[in-house]
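Please look at the structure below and follow two places where parts of a protein meet. The paragraphs after it go through these places one at a time.

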Amino acid sequence: MRSIGIILAGGVSKNLGVLTRERAAAAMPVGGCYRAIDFSLSNMSNSGVSKVAIITQYNSRSLHNHLSSAKWWNFGYKHGRLFIFSPYISEGNQFWYRGTADAIYQNLLFLKKSHEKNVIISHGDIIFKINFNTVIDFHEKNNANITLIYKKKINNDSFNLCDFGLLEIDENNRLVNFDEKPLDPKSDNIFAGIYIFSRDMLIEILETILSQNRYDLISDIIIRYRKKLKIMAYEIKSYWNVLNNIESFYRVNFDFLNKNIRDEFLHTYPYIETKPKDDPPAKYNFNAKTKNSIVGSGSILNGYTENSILFNKVYIGELTSVKNSIIMDKCQIGNNCVVENAILDKSVVLSDNKKIQGSQIDLAVVSKHSIF
Amino acid sequence: MARREIIAMLLAGGQGSRLGILSKKKAKPAISFGGKYRIIDFPLSNCVNSEIDTVGILTQYQPFVLNKHIGIGIPWDLDRPNSGAVILPPHLKSSEGDWYSGTANAIYQNINFINSYSPRYVLIISGDHVYKMDYSKMLEYHRRKNADATIAVLEININDASRFGIMNVDENNKIYKFEEKPEFPKSNLASMGIYIFDWSKLHEFLILDNKIHNNSDFGAHIIPEMIKFKKNVYAYKFVDYWKDVGTIESYWLANMELIKTLPSFNLYENFWKIYTQVEYQSPHYFGKNSDVSTCIISEGCEIYGKIYNSILGYNVVVEENAIIKDSIIMSNSIVKKNCYIEKSIVDENCIIDKNCKIGIGKNIINSSEPNIYNSGISIIGENSFILEGLNIGKNCVVSGELKKENIINNELESGENLIINNMI
C-alpha cells in the first residue's frame, strides 16, 4: 500500500449539454453498463490502492446514488475505505470548492492522517485502464516530486489539441513546459488528467499556495512549480479518452463496438467494476435483429438494432429501427419508431410511430425522462 | 445475543441424480438456470425479498461450486454481522460424526445453530426449486391460523399426484392426513417442501423422532407424527409458478419457457429481483453478421454466429457461422467457427472446437443410462473440450478433455457416451 487515491468528480461540465443537467460528468454512462467514475475507481482498487477519496460538488446526487456502497469496487473494509467529500460549511470555511487544489486542501486531513508515500489524483470523467503500480514505480525510480500521465496524440486520433493541457518534455521524460488549452499547440502530449504526488510534498505545496489564495492544481502548482520541482511525465500507451463534450461522449461509447477495446475493458482481468444492477438476461423476441451492437442486461428487444449501444433495461418495440445511437438505461421505445444518430438519456419514452433522427454531424440529444 | 423472529434453513445438499452429468460435480442447487442464475438463487432471493436476513444453508453433496457461489452472501445482501448466510456442512461431534441422513436429520444436527438465534419460527426450504414466493405472507397465514406447522402446497393434476407428498385437508385447510406418494390419491394438494414451524414444536419433534428414526425426514416422519399427535398443521395454497427441475427434460423445458414472448415465469419484475453472483456485469455484443431470434442472453457474451430459441449464460462466445438452436449454453463456454448445435446442453467452461455438430441424427435413447438421457437432448459436461470436427448424435453425453485417440471416425452415434476422466 504505497498510495492513496483522490478522484476529482466535482467539476462543472458545460460541454456535455443536457446530459449533465442532472448529473456530474463522472456519473456519465459509458460502454453499456458503466459510469465514467468506475474506470478511475476500479483502476485504483485493482492496483491495490485501498483508501480512496472522491471529491464531489456539482450535481452530485446521481453520483452519490451510484456510490451507494463501496463494496462493489472492493472497498468498504477496515483496511480499505472509500471516502466521499462534498463541500460543507464550518466556522472556518464558508466556501464551495474554489478549484481542484482547494477541493483537496479543504480535505487536507485525509492526506495528513494517511501514512502512504504517494497520492494518485485522477479525474472522474476519464476512460482508461492502467496498473498504477507501474506508474508509481516510474515515479519512485525517478525520484520525482510529481508525475503526470499523458497520452500522445497520433494521427488518426480525433483529439483537438486546443482542448487539452499539453506537456512539453525533454528526452528523459521530464516536464519542461505545460500549456493549458493553447491556441497554437506546440506539443501533442495530452495531459491525461492523472497526477502522482509525493504526499508530504503535496501537503506542503497546498498549504503554501492556499495562503496565497491560489486554488488550481494545474495553473498554481504544475505551471508555477514546473522548474522548481522535478515533474516527470509517464505515457499511457493503452486506451485513454475523456468525456469533455457530446462528441467525445458519443465516440467513447462507440469505441466499445471495437473488439480490441471490448477485449481490453470487458474481457481482460482485472475487470472494471460497477454497481451491480441485478437485471435478468436480455431477451430477444422472435423478430429482434441486432447487428454490431452492445446490449445491457434486462433489455427486451423486438425490433432492429444496428451500430448502437443499449444500456440496461431498454425496451425496443416491434418494427422499430435503432441505428447509430446510444440508448441509456430504462428507455422505452414503442412500436414502429425510428431512432437514428441519437443519444437518448435515461428513461426516455417514445410512444408508437415516433421518429428521432439526427445526423453524424448533428446528433439528436434527448434529455432524461422526456416523453414523446 | 442476536435474536430473530424467523430464520430460514435451506436444504442444499440434493444430488439431483436424474440430472445425470449436470449434477455430477455440483449439487443440484448449484446448477445453472435461466442463463446467469443458479437454482439456489431463487429460494435465496425469496428469503431476502421476504425480509429474512438469516439463512442457514445445509450442504453435503459436491458443495464447492455452491460454497464459492454463496461466499459470504454479498449478492443477496446476506453479508451481515451476527447473521446473514451461514453454510452448515455435516460435522464431527465430540465422539462421532454423521452425514445428513434425511431432511429433518440435517436440521436436527444443527439445533444449536438455530437455538443461537432463539427464533420464534423456522422456515424450511429446499435449494432445488425455481419459484418466487413471499414467505412473509405464508408466515402471516401461519400466525393467523395459530398453526404449529404450515406446509406450502400446490394444486396439481390429480393424475400426477402419486409422484408427490399429498395433503388431505378439511374446509379450514387443516391437514388431517399426509400421504407420501400415494397409489390412490384422495387430494391434489402437493407439498412443495416449504414448511414454517414454531421452533419450540419442531425442536420437540426433531428430538422425539431422532430417537425412532436415524434418517429423520420431514415428509416421511415429522409431518405425519405432528398430525398424529393432533398438532395444528395447515396447508398454505400457493398459486403461481413453481418448478422442480428434476429431470433433464424438465430442466430443458423450464429453461425454454423463459424465452417465450410472455413467459410463465417472469424475471423482469422490478420489485422481486433474483440476485446472483456474476463475474461479469458488462453488456454483450452482437457482431455484424450475427443473427438472433427468441433467445435470452446474459452479460459479457460475444456473438458472431447465429442463435435461435436458446439460452446463453454469461461470457459465452459464439464465433462466426456457428449455429445454435433450441439449446442451453452455460457460462464461460466457447462455441467456435462453423459449429452446429441443436437441442443440447453445454455446461459451464466448455470449448467446442471448430466444425463440430452436436445433437444431430436419429433419436436413439441412451444405451447406458436410458432412464436419464431419453428426451433427445445431448449434454456436454462442464470443463469439456470437444475436438474439431466431431459429430455428436442425440441423447449423448460427452465429458472431459477429448484427445484424438478417444475418437474413431469423428463420430459419436446417438445414445452413446464418451466420458474421459482425465480430470480429478
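In strand 14 of chain B, the residue B:His284 is the bridge partner of A:Val295. Strand 16 of chain A and strand 14 of chain B (residues 284–286) run antiparallel and are joined by 3 bridges, where strands are DSSP runs of class E with at least two residues, helices are runs of H or I with at least four, both numbered from the N terminus, and two strands pair if DSSP finds at least two bridges between them.

Before going further, note that this is a predicted model, in which local features need pLDDT of at least 70 and side-chain atom pairs count only at pLDDT 80 or more, while totals for chains, interfaces and linings use all residues. Residues are numbered from 1 along each chain as its sequence is written, chains are lettered from A and ligands numbered from 1 in the order in which they are written, and side-chain values use heavy atoms, leaving out hydrogens and water.

The contact between the chains (heavy atoms within 4.5 Å) takes 40 residues from chain A and 43 residues from chain B. Together the two chains bury about 3300 Å², with 48% of it on carbon and sulfur atoms; buried area is the accessible area, for a 1.4 Å probe, that two parts lose on being put together, summed over both. Of the area that chain A buries against chain B, 20% is supplied by A:Pro281, A:Lys283 and A:Tyr284, more than by any other three residues. The rule finds 4 salt bridges across this interface, a salt bridge being a side-chain nitrogen of Lys or Arg within 4 Å of a carboxyl oxygen of Asp or Glu. A:Lys289 and B:Asp291 meet through their side chains in a salt bridge, at 3.1 Å from N to O.

Between them, domain 1 and domain 2 of chain A bury about 1500 Å², of which 72% is on carbon and sulfur atoms. On the side of domain 1 of chain A, the residues that lose the most area to domain 2 are A:Gly32, A:Tyr250 and A:Leu257, together 38% of what that side buries. The count between these domains is 1 salt bridge.
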